[in-house]
Amino acid sequence: MITIKNEIEIELMRRAGRVVGETLNLLEQNVRPGITTAELDRIAEEFIIKQGAIPSFKGLYGFPASVCISVNNEVVHGIPGGYTLKEGDIVSLDCGACLNGFHGDAARTFPVGNVSEEAKKLIEVTEASFFKGIEHAKVGNKLTDVSHAIQQYVEENGFSVVRDFVGHGIGRKVHESPDVPNFGRPGRGPRLVEGMALAIEPMVNVGKYHVETASNDWTVLTVDGSLSAHYENTVVILPDGPEILTLVK
């Protein structure tokens, strides 16, 4: 069942979303060669707790950390640990926070120092595809109008959209209905209505869209070893268009 948020609930989600956005901004400042993924996770967890919030992901389905940190050909759900970021890596940071009973969820992919032109384009296209998608996140449209716009933009730029993992509804739970694919024909799925809250999250590969799960049962990898990027925001559908709750300038 899709839950529709009222004005009070949307305001609570704004506050949770701000914590997530500020956490990702802080992490961006700390992404550099020589830092470990475990250290980035610690920085995020301490900041979230300092804001009076709870890391949404820690313990969720048994996940052991506060941030999913995925490097290079890791798509999503990377477990922070002893890996030290190095010049030329790209790193995807997926973060959630719960405040006053409501969740925010967002992800960004950042370059580590100087990266290849291909990596730069991948990061840029992945982010831009999100914004192409939410141009269609309007009251009265269908959910896959958003999905189709994302896929079309990604493929026009020579990359592929991951099929096995999708976005989702969000609110009192991190994962709610509906699923939000980043691919598909337009004009399908539920109609978008005021108060619907969605975590829209393109996952884009340089090579083929096929993925596999590592032996740790968490980290998702590109099958062909190509680079992957991830960009996500929590969005609420309002009468005058979508509001992004997790983007803090």
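The model is predicted, with local features requiring pLDDT of at least 70 and side-chain atom pairs pLDDT 80 or more, whereas totals for chains, interfaces and linings use all residues. Residues are numbered from 1 along each chain as its sequence is written, and side-chain values use heavy atoms, without hydrogens and water.

Of the 21 residues lining the largest pocket, Tyr61, His77, His168, His175 and Glu201 lie nearest its centre, where lining residues have an atom within 4 Å of a point. Strand 7 (167-169) and strand 8 (176-180) each contribute at least two residues to this lining, strands being DSSP runs of E of at least two residues, numbered from the N terminus.

The second largest pocket, with a volume of about 220 Å³, is lined by 13 residues, among which Glu28, Arg108, Phe110, Glu127 and Tyr231 lie nearest its centre.

In the backbone, a cis peptide bond with omega of about 5° joins Ser177 and Pro178, the latter residue being placed in strand 8. Asn72, in the loop between strand 2 (67-71) and strand 3 (74-76), has a positive phi near 60° and is buried, with a relative accessible area of 18% (buried means under 20%, with a 1.4 Å probe and protein chains only).

Key
On a 1 Å grid over the protein atoms alone, a cavity is a set of points where a 1.4 Å probe fits but cannot get out, and a pocket is an open set with protein on both sides within 12 Å along at least five of seven lines; lining residues have an atom within 4 Å of a point. Helices (H or I, at least four residues) and strands (E, at least two) are DSSP runs, numbered from the N terminus. Grid points are joined across faces, edges and corners, and a volume is the space filled by probe spheres set on the points. Buried means under 20% relative accessible area, exposed over 50%, partly exposed in between (1.4 Å probe, protein chains only).
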